[in-house]
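Here's a quick walk through one protein chain, going from single residues out to the whole fold. Have a look at the model first.

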Amino acid sequence: MNPTELTPMDMAAVMASSKVLVVGDVMLDRYLMGDVFRISPEAPVPILQVMEEETRLGGAANVAMNIKALGGQVGLQSIVGCDAAGDELSRLLKRSGISARLVGDEGLRTTMKWRLVARSQQMMRADFEDRPGEKALATLFEHFSNDLLDHHAVLISDYAKGALVDVQQMIALAKQNGLKVLVDPKGHDFSKYKGADLITPNRQELMHIIGPWQDEDQLRMKVTQLCDSLDIRSLVLTRAEEGMTLFEPERRVHLPAQQVEIADVTGAGDTVIAVLAMLVASGVPLVHAMTLANRAGGLVVAKFGTATLSATELLGA
């Protein structure tokens, strides 16, 4: 199935047929937005006069929101604290129509990122986060096992906040049941993703794993070695202004970046892997799914903050 041969209406129907299970680290993205008119008399720092406050879904929740906004069917699983932030995250998901199983952990603070923004320029970010306990992790894996077969593909959204301790067992279970597994990776050890069908690191994330490369030939050699060692068939490298590149045993496919004015790259990777997962779950070959994912990445960086796209925006219907 080649998306370029389908009408926008047909392509929207293909995406709507997808059922993706997203599992990973969810968070709240809070924005305090305004302007700076003076410097604090208490310390040499600018004072942000807050004019607007906004809370958005972040992390794996933003991935799920991207799938929902594009018309796909999505389930979300993660761990949150038994706190006000966890309650707010649950309300936002419910309001967005996302089916979510959020395990409450009494010893956990729900992950939050506070961003102070003046005239669309981020001044500072403050993070709140903890690691979930063993009981919550065991419950999450139980939910994953129970809900797995209700979906066509699994999307693992790793933000290194601790919800994916059992990621290797999740991948193995999904593969045993014939589901495609896509991973947005994080950290300095990709061995935990062994057996996944696709991983989508950015340049910095990949460099942490394979080291720097001098040219495209050396990059391809290093990626091939990595994928062979981890039994991963496909790797899509997202390269910001350089576009994205697919590496598979029999081919390398590069797509240049969309020419847009960039407002904010926050969450762009979420949008890219959301589109890839929807299309792969619907039977679209990865090499064709990349075309729409690349377009989606270009469109979403033109928006401020963690953002989503509609099917109309993506498909130009």
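Is threonine 271 buried or exposed? Threonine 271 counts as buried, at 0% relative accessibility (buried means under 20% relative accessible area, exposed over 50% and partly exposed in between, with a 1.4 Å probe and protein chains only). Before going further, bear in mind that this is a predicted model, where local features need pLDDT of at least 70, side-chain atom pairs count only at pLDDT 80 or more, and totals for chains, interfaces and linings use all residues. Residues are numbered from 1 along each chain as its sequence is written, and side-chain values use heavy atoms, with hydrogens and water left out.

Back to threonine 271, which sits in helix 8 (residues 268–281). Helices are DSSP runs of H or I with at least four residues, strands are runs of E with at least two, and both are numbered from the N terminus. The side chain of threonine 271 makes a polar contact of 2.9 Å with the side chain of asparagine 66. That term covers a pair of N or O atoms within 3.5 Å; within protein, one must be able to donate a hydrogen and the other to accept it, and residues adjacent in sequence count only if both atoms are side-chain atoms.

Next up is methionine 290, part of helix 9 (residues 286–300). Methionine 290 is buried too, with a relative accessible area of 0%. Leaving aside residues up to four places away in sequence, methionine 290 touches Val236, Met244, Thr245, Leu246, Val253, Leu255 and Leu276 (contact means heavy atoms within 4.5 Å).

Glycine 107 is exposed, with a relative accessible area of 64%.

| Pair | Residues apart along the chain | C-alpha separation |
|---|---|---|
| Glycine 107 and glycine 81 | 26 residues | 6.9 Å |
| Methionine 290 and histidine 254 | 36 residues | 9.5 Å |

Now zoom out. The protein has ten helices and 13 strands. Its radius of gyration is 20 Å, close to the 20 Å that the globule rule gives for 317 residues, so the protein is as compact as a globular protein of that length. That radius is taken over C-alpha atoms, and the rule is 2.2 Å times the number of residues to the power 0.38. Along the principal axes, the C-alpha atoms fill a box of roughly 65 × 45 × 45 Å. Buried residues make up 51% of the 317.
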